[in-house]
Structure formats: structure tokens, C-alpha cells
Amino acid sequence: MSITEALALEVSNNPYFKPFLDHIKLQIDKLWSLVDELTELKKCLEPLDYKDESLIYLISRIDRMIREKFINSSHPINVKKPSKIDRICIKCDIFKLTQTIGYLVENAIQHSPKNTEIRIIFRVGKKFLNIYVIDRGEGIPLENMEKIFNPFFTTKVGHRGFGLKFAKTIIISHNGNISIYNNAKREGCTAKIVLPLMKTDIYHET
Ligand SMILES: Nc1ncnc2c1ncn2[C@@H]1O[C@H](COP(=O)(O)OP(=O)(O)OP(=O)(O)O)[C@@H](O)[C@H]1O
Ligand SMILES: [Mg+2]
């Protein structure tokens, strides 16, 4: 039993103490969530575990993460694979990369109306793999564009503003690049990740 629970039992009949107990509980919950997030942020500073992975395997891991993590989401999340992915390889920390896509999808869900589609599109170029996470949400006000990758920048109550900082750290460590821009023709925004491919001469989409 925690100290707060013991205290609550002790003084639960006295309404005078209720606001104090509620306050203590709230502060403890906040501390726990801060500890969780700092633990998460620390993970992104740990050395990455690079391996040569096939694009087929990377996409299958992302597919699985989406099915598991967003199973209760009211947003349809559709993954569009490149038409030919055989023999395309990428040197990456597959766990961290998958986690990064998870953060982008999480943002897309949080900033777009229920039931609107979220698309994850993979495109293979000559030297690079492009991954797009596209939503149909509110988009990002221009004045926030410069700040969204800063740690602790958030426009949501109860959030810490770590997701995009994490994503950027991971992608830069892969010698890649990440950008976010508002969609030109429709509402919402697109997070674009560019990652170097290992094989350059096999196949590319037009
Ligand atoms: N898809 C999106 N649509 C609109 N705004 C977005 C989108 N993605 C990010 N943002 C903006 O960028 C800010 C920073 O995003 P980031 O993921 O770093 O932090 P967060 O989502 O606020 O908090 P956390 O990820 O720690 O829960 C968000 O608060 C939001 O204002
Ligand atoms: Mg986020």
C-alpha cells in the first residue's frame, strides 16, 4: 500500500483533508508520468542497435506495431507499400525506427478528427527510402513550424512535447532527415522521413 493510500484510509472520513489528498495524488501521478517520459527520452540517447534489415521486414514490423498499438483507434490507418521491395535493404535500428513511426502516427491521430484516414506511404528512390505519414487534421500553424521539433514544445494539455524531438534524434542518427509540412491541396499535414538505402542500383519507383 502506498503512503497516499494509507493516508487516504486514515483520514477518508474527514472531508477537510480530501483536497489535500487529491492534490498529493495529482502531483504524484504527474511525477510518475514525467519519470516515464524521461526514461523514454533517455532510451533515444542510448547507442542504436544497427543491423542490415530488409525493407520487407521493416514494413512488416511497422504493420504489426500499428495493429497492436492503435487497435482501438477510430482512425483507419492504411499502409501503402512500394510495388517492388525485394532485395531492398536498410541499415537501421528497427525497434527505434518503428517506435519513431509510432510517434508520428500518434500525433496524426491526436490532431485529426475521428474516422479520418491516416496514410503511411513508403517510396523507394535510387538511394533513399521515403516514408510519409499523412493525416487529414488541423495542420500546423505557421508560427509553430519552427518550434515543433524542440523538446517540451507542445500545444496539448498533459503532453510533454517529446515525440518529435525523439523522432528527429533517431532519424538524424540514421543519417536521414525528417520534415513536417502542411498539405498543399487538402487539410492536414505530412511527416516525411528520408533514409539512405544500402542497395542503390536495384530498383526505384518513378
Ligand atoms: N500531425 C500533426 N498535426 C498537427 N500538429 C502536430 C502534428 N504533429 C505534431 N504537431 C504539433 O507539434 C507539437 C509537438 O509534437 P510532439 O510529438 O513533439 O509533442 P506532443 O505530441 O505535444 O507531446 P508528446 O509527443 O510528448 O506526447 C504538438 O504539440 C503539435 O502542436
Ligand atoms: Mg507527440
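Guide: Domain 1 and domain 2 bury about 800 Å² between them, 64% of it on carbon and sulfur atoms; buried area is the accessible area (1.4 Å probe) that two parts lose on being put together, summed over both. On the side of domain 1 that touches domain 2, four residues are nonpolar, one is polar and four are charged. In this classification Ala, Val, Leu, Ile, Met, Phe, Trp, Tyr, Cys and Pro count as nonpolar, Asp, Glu, Lys and Arg as charged, and the others, Gly among them, as polar.

The model is predicted: local features need pLDDT of at least 70 and side-chain atom pairs pLDDT 80 or more, while totals for chains, interfaces and linings use all residues. Side-chain values use heavy atoms, without hydrogens and water, residues are numbered from 1 along each chain as its sequence is written, and chains are lettered from A and ligands numbered from 1 in the order in which they are written.

Domain 1 spans 3-44 and domain 2 spans 50-196, with bounds from an automatic or database domain assignment. Their centres, taken over C-alpha atoms, are 33 Å apart. Nine residues from domain 1 and nine residues from domain 2 make the contact, which means heavy atoms within 4.5 Å. Between the two domains there are zero salt bridges, a salt bridge being a side-chain nitrogen of Lys or Arg within 4 Å of a carboxyl oxygen of Asp or Glu.

The structure as a whole holds seven salt bridges. In one of them, Asp52 pairs with Lys91, with the closest N and O atoms 2.9 Å apart. Asp52 belongs to strand E1 (residues 51-54) and Lys91 to strand E3 (residues 89-92), so the pair ties together parts 39 residues apart in sequence; strands (E, at least two residues) and helices (H or I, at least four) are DSSP runs, numbered from the N terminus. Asp52 is partly exposed at 48% relative accessibility, and Lys91 is partly exposed at 47%. Here buried means under 20% relative accessible area, exposed over 50%, and partly exposed in between (1.4 Å probe, protein chains only). Lys96 and Asp93 also form a salt bridge, at 3.9 Å from N to O, and both residues are buried.

Ile193 counts as buried because its relative accessibility is 0%. Leaving aside residues up to four places away in sequence, Ile193 touches several residues, among them Leu104, Leu129, Ile131 and Ile178. The C-alpha atoms of Ile193 and Ile178 are separated by 4.5 Å, although the two are 15 residues apart along the chain.
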